[in-house]
Amino acid sequence: MKTEITELLGIEYPVIQGGMAWVAEYHLAAAVSKAGGFGIIGAASAPPEIVREQIRKVKELTDRPFGVNVMLMNPNAPEVAKVVVEEGVKAVTTGAGNPAAYMKMWKDAGIKVIPVVASVAMARMMERAGADAVVAEGTESGGHIGSSTTMTLVPQVADAVKIPVVAAGGIGDGRGVAAAMMLGAKAVQMGTRFIVAKESIVHENYKERILKAKDIDSEVTGRSTGHPIRVLRNKMTREYLKMEEKGVGLEELELLTLGSLRKAVIDGDVVNGSLMAGQIAGMIHKEQTCKEMIEEIMQEAEELLKG
Ligand code: TUI
């Protein structure tokens, strides 16, 4: 399926992998790119030299294009922003903030810049700043979220900007891809489905929670702190939400979540860990390779769009 995004990124299918912290490392990114999608290294809070190493490892595994997600709340973001230039990365997505400070450096280096936005205002601002496309990410997504739904955000962003729009949040199969295209998107970004990919290094316990999740199993922590994060419900979320109700401050809440994503992804601690996942988790029941996932999703989407 050819779209403005497949042309922009030089990929076969209009499928971009989310830049998930701890999850989006080189095995997953290379597998998605090899399968014809756009794999992404999630820099998250990693030190710049680790990001450099990850980029080099993807290059050893595939010649296909891939990108890096720069998480702007990361104190290392300025150094990570330089590493992507030095390593000749083809495209960057950004999350959890405004990438304006890096835009000139990236554009001068010929990097395609695709900020993730959660509002029309931010999408317009990014277009004015020179972005090549935007990811419009709905509140159905896992991790750090905005408040609009994908269904309402994507068409409003598509109406507001001329650059191509990528839909994200709540998309996990061919029906979601077809729906996103009907809303005006030129590609989708998927995260949760790729967490359970065979090539994903995520601990089996975490994968198991996603594979067994029901539609209403996610919860949003941090609404009171201004950093809402969607995760699957567990002991950590119950304690966190109780503390939020009591009006506990940000510092104490952060102690509860400190390192909790690593605990979930690496140690498989599904009791105290932060199981970031989108609302689509309830529909994900099988572990497949990235190639199987992408081909199945795109075949279903193309059949629906033809109909
Ligand atoms: O960034 C994400 N999702 C994420 S980042 C992340 S790592 C993390 N871990 C713990 C605490 C905090 C972060 C986990 N999930 N998605 C993209 C996204 N960006 N969603 C919403 C936004 C966003 C929010 C505000 C984009 C721009 C923005 O602008 C604010 C401003 O500066 O104007």
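**The interface between the domains**

Between domain 1 and domain 2 there are four residue pairs in polar contact, both residues at pLDDT 80 or more. The model is a predicted one. On the side of domain 1 that touches domain 2, the residues divide into seven nonpolar, five polar and one charged. Across the interface of domain 1 and domain 2, the rule finds zero salt bridges.

The domain assignment gives domain 1 as 4-201 + 287-306 and domain 2 as 214-276. The C-alpha centres of domain 1 and domain 2 lie 24 Å apart. In contact across the interface are 13 residues of domain 1 and 10 residues of domain 2.

The size of an interface is often given as the accessible area lost when the parts come together. Here the area buried between domain 1 and domain 2 is about 990 Å², and carbon and sulfur atoms give 67% of that area. Of the area that domain 1 buries against domain 2, 48% is supplied by W22, G143 and I145, more than by any other three residues.

A backbone N or O atom of H144 lies 2.9 Å from a nitrogen atom of the ligand. A side-chain N or O atom of E137 is 3.0 Å from a nitrogen atom of the ligand, and a polar backbone atom of A96 is 3.0 Å from a nitrogen atom of the ligand. Taken alone the ligand exposes 720 Å², and the protein buries 69% of that.

How values were computed:
Residues are numbered from 1 along each chain as its sequence is written. This is a predicted model: local features need pLDDT of at least 70, side-chain atom pairs count only at pLDDT 80 or more; totals for chains, interfaces and linings use all residues. Side-chain values use heavy atoms; hydrogens and water are left out. A polar contact is a pair of N or O atoms within 3.5 Å; within protein, one must be able to donate a hydrogen and the other to accept it, and residues adjacent in sequence count only if both atoms are side-chain atoms. Accessible areas come from the Shrake-Rupley method with a 1.4 Å probe; for residues, only the protein chains shown count as cover. Domain bounds come from an automatic or database domain assignment. Contact means heavy atoms within 4.5 Å. Buried area is the accessible area (1.4 Å probe) that two parts lose on being put together, summed over both. A salt bridge is a side-chain nitrogen of Lys or Arg within 4 Å of a carboxyl oxygen of Asp or Glu. Ala, Val, Leu, Ile, Met, Phe, Trp, Tyr, Cys and Pro count as nonpolar, Asp, Glu, Lys and Arg as charged, and the others, Gly among them, as polar.
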